[in-house]
Amino acid sequence: MEPIVVAKNLTKSYTKGLRALDNVSLTVDQGKVLVVMGPSGSGKSTLIRTFNGLETFDKGELNILGITVDSTHDERKIQKIRRRVGMVFQQFNLFPHLSILENITLAPVQVQKRRQIEAEEHGMYLLSQMGIDSHARKYPNQLSGGEQQRVAIARALALKPELLLFDEPTSALDPERINEVLDAMRKLAEQGMTMVVVTHEISFAKDVSDRVLFLDSGKVIETSPPDIFFSNARHERSRKFLNQLDKN
Amino acid sequence: MLKINTDSIIISFKNLRKILFSNLFNSIITLLIIVLISVSCVNTFEWLIFKADWKVVISNLPLYAFGSFPPNEQWRPATWIISLLSLSIFTLCGPEWRWLRKNLLIIWVGTIPLGLYLLYGGIGLSPIMSRHWGGLTLTILLTVCSSFLSLPFGIVLALCRQSSLPLIQKVSSMYIDGMRAIPLIAVLFFGQLLIPLFLPVGLEIDRVWRAILAFTLFVSAYIAEDIRGGLQSIPNTQIEAANSLGLNQYQIIQFVLIPQALRIALPALTNQSIGLFQNTSLMAILGLVELLGVGRSILANPEFIGQYIEVYVWLACVYWMVCTIMAVLARHLEQRMTINQANF
């Protein structure tokens, strides 16, 4: 079976020779959940954002859903990828001038040219999956952070993506709101959604992920199954990071 | 209930006395100002009621409203103005019918072709040339048409100024900065006197449309800057979110950027349109008989010579009334939007 994400030697450097990504290679198979961990500034967000073309890279090759992009950053290919890949952001990034349902139906109607009624039906279904269908006519600022993030997940699902990217989806939430979002993500994983998740939530990584990738200064330090990573990480650097995370 | 009221009045009265009559100097100043205010009030009312001769206003009311529009066709501009007025009232305190509220904007835009049809005539109505248009009708027409045309033009200019293509960006910056460096009266002169010289023989633009064109060229530069401010205050993450959903550049502009930028720029845009309404009075100098022009031509009539104050007080009232209606409408629109508006 074709893997969903194949990254080969991705490298992105800033001027002054700083490297955001340093020879990063990884694969994600269909239906698997990859959790990306690492200290801040380690390039986690940069990495995940290259997957749908929000970031460019200088060297290497990326294959998403069978579409290969290289450092030339071909707009057309990236558009094709974006139609099949959903993304959830740290700050939700809902459109404040649109109602919840309009937020969700915008892309299906405009990008996939689906009929408004059909998109709304599907949107309501997704909202009920997320447990927030009663808010469909409200506007983003009337919802709590956790609810907004679940709307953002529903919006990402509306294009029926084959891969979901999560960029620290719970970092901007109140502690008691984190679980409602994580539960929604768990449900998606159970349904077989392929996901790449940047997060610091150890419990989520332990329960849901198939592999944990640890990144530091743009380099892949190790990629291990969660039970090994959290109990007996191979590298000194990962253990140090996990200790730090435990203390907090 | 009543007791609390009288108590609070007594307290505030005591406070007033403490502030205004705390010592001899303050007391004298206070008394002086009271005398000044009352004298001027008395004089104003005396003038308004006894001295002023309002015949110059009352006998010329149709002239102020319609200019030299043929008397037996004056129901046409009257219909237009009344429909605008009733639409304003409806917008402000009409019922909350969802389908109607949704289409209110379209109805408002629809008043422009309606007005033009009623004024020009044509199908079913006797045609009337634009040189017969005048008065408040012409003032409103100039304002409405120029605002309506300069909004899309301003949006395009603002987008071009944000463009990543250097040529487009430079040209629109030059246009905006250039327009803002020229006084409006110069642009209007250009429109009235120079455009006819530049145009090939046989092609002629109506004087009213030349004025509208000049206003549009001028105001759109300012509108572009207001909208640029709106565009710049939209966080970049909005564009990223739209990108991640596969929307293309034009869809992002249409569905994400412009609606948000317009909401943010709305108070500034209101300012522009009220300013535009007042600036149409400059056309009186350039020979259009709009509201101020009508006033001037009435004052030139030997019968009413010297009655400047009556005419200008009356004109000020009319301008004030229309501006207030515009401001109230705009505030209403703002409030309706902030109900749904997020905090950025």
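Two strands are taken to pair if DSSP finds at least two bridges between them. Helices (H or I, at least four residues) and strands (E, at least two) are DSSP runs, numbered from the N terminus. This is a predicted model, in which local features need pLDDT of at least 70, side-chain atom pairs count only at pLDDT 80 or more, and totals for chains, interfaces and linings use all residues. Residues are numbered from 1 along each chain as its sequence is written, while chains are lettered from A and ligands numbered from 1 in the order in which they are written.

**First stop: a sheet in chain A.** Select the four strands of the open sheet of chain A, whose order is S2-S1-S4-S5 with antiparallel pairing. At its edges lie S2 (19–28) and S5 (67–70) of chain A, each pairing on one side only. On average, and with direction ignored, neighbouring strands of this sheet are turned by 20° against each other. Strand S1 (residues 5–13) of chain A is joined to S2(A) by six bridges; there, Lys12(A) has Leu21(A) as its bridge partner. Angles run from 0 to 180 degrees between N-to-C directions, and axes are lines fitted to C-alpha atoms, for helices over the stretch in contact.

**Second stop: strand S8 of chain A.** Select residues 195–198 of chain A. Met195(A) and Val197(A) on one side of S8(A), and Val196(A) and Val198(A) on the other, are all buried (20 or more other C-beta atoms within 10 Å of the residue's own, C-beta atoms being placed from the backbone). S3 (residues 33–37) of chain A pairs with S8(A) in the parallel sense over four bridges, with Leu34(A) partnered by Val196(A). S7 (residues 163–167) of chain A likewise pairs with S8(A) in the parallel sense over four bridges, and Asp167(A) stands opposite Val198(A).

Select H7 (residues 135–161) and H12 (residues 249–279) of chain B, which pack at an angle of about 135° with their axes 11 Å apart. H7(B) is therefore oblique to H12(B) (angles under 35 degrees count as roughly parallel, over 145 as roughly antiparallel, 65 to 115 as roughly perpendicular and the rest as oblique). Residues in contact (C-beta atoms, placed from the backbone, within 7 Å) include Thr143(B) and Leu159(B) of H7(B) and Ile253(B) and Phe277(B) of H12(B).

Methods. Contact = placed C-beta atoms within 7 Å. Buried ≥ 20, exposed ≤ 12 C-beta atoms within 10 Å, placed from the backbone.
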